[in-house]
Amino acid sequence: MSQQVPPQKHDNKHDHQQHQQHHAAPSAKPTPQTSHPSKDDKKEIGLTATKEGDFSEWYTQLIQKAEIMDYSPVSGCMIIRPDGYAAWENIQKVFDAWIKAKGVKNTYFPLFIPESLMNKEKEHVEGFSPEVAWVTESGKTKLNERLAVRPTSETIMYDSFAKWVRSHRDLPLKINQWCNVVRWEFKHPVPFLRSREFLWQEGHTAFATKAEAEKEVREILDLYEKMYHDYLAVPVLKGKKSEQEKFAGADYTTSVETILPNGKAAQGATSHHLGQHFSKAFGIQFLDQKENKEFAFQNSWGLSTRSIGITLMIHSDNKGAVWPPKIAPTQVVIVPIIFDNSKEPLLKKAKELEQEIAAHARVTLDDREEYTSGWKFNQWEMKGVPLRVELGPKDMEKKQVVIVRRDTAEKKFVSWDDLIPTITQLLDDIHHHLLSKAKAAMQQHIVPATSYAGLVNALHSEKTALVPFCNQPSCEEAIKQDTGGKTLNAPFDQKKSGVCIKCGKEGASMFYMGKSY
RNA sequence: GGGGCCGUGGUCUAGCUUGGUAUGAUCUGUGCCUCGGGCGCACAGGAUCCUGAGUUCGAAUCUCAGCGGCCCCA
């Protein structure tokens with residue numbers, strides 16, 4: 001074990017602020033609940049902000065104290081620590097297998113994109129140019145042409161696609177890469193949700209027909225939904241983005257949207273149909289069976305490390321992180337309760353259990369002797385491990401272990417013989433419990449709005465509203481000015497259409513609207 | 001884009017109003033203690049007080065600029 005970072009004792013600053021607030025305005029803010037209300041107040045340790053009381057502060061403390069990320073010397077760029085990266089690797093493993101099964105191949109394209117390529121598709125460059133970071137010199141020599149640090153790789157990939165595609169036999173072309181991208185945001189950064197550099201996969205595909213391409217757009221979106229739902233235990237709103245919010249250079253964009261516990265929305269992943277915009281700009285042409293030269297139809301789609309931030313925000317609590325079992329860096333931690341006189345056989349048994357579990361789950365044995373078991377309980381709860389297996393002298397006598405769930409704190413006494421089936425079952429139960437809680441929370445944040453006043457009211461009370469909207473950028477801009485909100489997406493199955501909630505135009509479709517994080 | 005809060009050993013923090021080189025905890029090391037919810041005791045170690053400039057005999061403290069973190073409002 002290398003987890004030597006100390007737990008944080010008692011953050012006085014916050015207590016003082018709380019007390020001052022109470023003196024000045026007794027009703028200003030509820031005192032945050034500690035996670036152990038019965039314990040000595042002076043021993044308040046761990047997170048000092050609560051999810052309900054001060055969400056941003058809670059999240060900031062959580063991801064640092066759970067050793068998921070750390071801040072770096074560069075504003076907006078973060079360090080992903082082993083637990084954060086392990087979660088990302090678990091996501092990668094799953095998604096990578098899914099797309100390979102669809103015939104997608106992994107590649108690697110350069111980080112640097114010549115300006116001339118960036119400029120080839122007009123809408124695309126206009127959409128991204130405010131956030132592009134540029135390399136302008138090497139050593140003391142100025143470069144002939146400045147190089148963009150990729151904000152996304154359409155332009156550099158499609159320059160190659162144009163060379164690789166000659167015949168209809170070269171299609172479909174399905175390429176993916178796992179990489180970092182840089183978007184120099186000016187809004188204040190939020191770790192995982194909005195960082196200036198982030199990790200993602202970007203899939204880029206080219207087809208002979210629009211129908212094939214559009215079919216894939218939806219299939220990939222379904223995979224994103226499946227990732228959130230079945231692996232991250234996060235429900236999503238699936239739909240099509242507005243004209244205003246679509247990807248720069250796309251025909252249209254589809255997305256899965258998530259609702260965070262503070263009522264704000266976060267885009268979970270996107271799948272774009274690019275039409276022939278880029279194939280025309282880059283000359284991606286093929287000869288079809290009738291010897292006609294045609295432009296390819298293209299898609300691009302991406303899922304980023306933002307998914308980790310969304311997952312943690314939704315499931316974690318005032319005791320620390322809560323990882324959904326399927327992507328948890330560690331799924332089971334074994335904490336032996338060590339007494340000197342029973343130490344040897346106990347540790348031997350603990351190691352046996354570890355080996356046994358290792359065949360079925362990601363397991364760690366915490367046999368450090370410099371920490372008490374109580375200390376370890378708290379630390380592993382902070383780190384969000386779904387299941388804790390305790391083994392003490394009493395359990396040795398009864399040939400059992402105590403299993404404690406991270407999500408409910410429920411304790412179970414389990415005989416050694418039933419260990420593996422119980423663990424498997426509990427991990428599955430935790431996933432479903434987290435998912436159903438998250439679904440209920442999302443529903444609470446979605447309200448219908450039938451009037452513009454209703455929409456304004458919903459957005460001001462941190463709700464997402466489902467409203468008829470004309471999908472004109474000018475109208476969306478006006479709503480943004482009024483309320484600070486924007487469209488998330490429009491559900492695919494449109495049951496009714498109506499008049500736009502803002503401008504009153506006929507033929508509006510239903511859109512989710514909310515504030516984004 | 002506008003407004004506000006904050007930055008002190010690895011970590012958290014007192015001191016700042018009223019200028020005199022820094023408080024306490026945690027941590028790290030050593031020894032004793034041995035653990036069912038963040039054990040206890042003793043000794044020791046650990047500081048560019050975010051950076052730079054200014055005021056001053058003297059700056060963590062006052063002034064200005066910058067960097068970084070957080071919040072709120074377009």
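The entries below follow that order.

I note that this is a predicted model, in which local features need pLDDT of at least 70 and side-chain atom pairs count only at pLDDT 80 or more, while totals for chains, interfaces and linings use all residues. Residues are numbered from 1 along each chain as its sequence is written, and chains are lettered from A and ligands numbered from 1 in the order in which they are written.

I looked up an open sheet of 3 strands, which run in the order 4-6-5 with antiparallel pairing (strands are DSSP runs of E, at least two residues, and helices runs of H or I, at least four, numbered from the N terminus; two strands pair if DSSP finds at least two bridges between them). Strand 4 (112–114) and strand 5 (133–138) are at the edges with a single partner strand each, so one side of each has no neighbour in the sheet. I found 5 bridges in the antiparallel pairing of strand 5 with strand 6 (residues 141–149), and Trp-134 has Ala-148 in strand 6 as its bridge partner.

Helix 10. I then turned to helix 10, which spans residues 343–358. Its buried residues are Leu-346, Ala-350, Leu-353 and Ile-357 (buried means 20 or more other C-beta atoms within 10 Å of a residue's own, exposed 12 or fewer, partly exposed in between, with C-beta atoms placed from the backbone). The face turned away from that buried side carries the exposed residues Glu-344, Pro-345, Lys-348, Glu-352 and Gln-355.

Contacts. Leaving aside neighbours within four places in sequence, I listed the contacts of Ala-296 (C-beta atoms, placed from the backbone, within 7 Å), among them Val-165, Phe-207 and Ile-284.

Definitions and conventions
Two residues are in contact if their C-beta atoms, placed from the backbone, lie within 7 Å. The expected span of a helix is 1.5 Å times one less than its number of residues.
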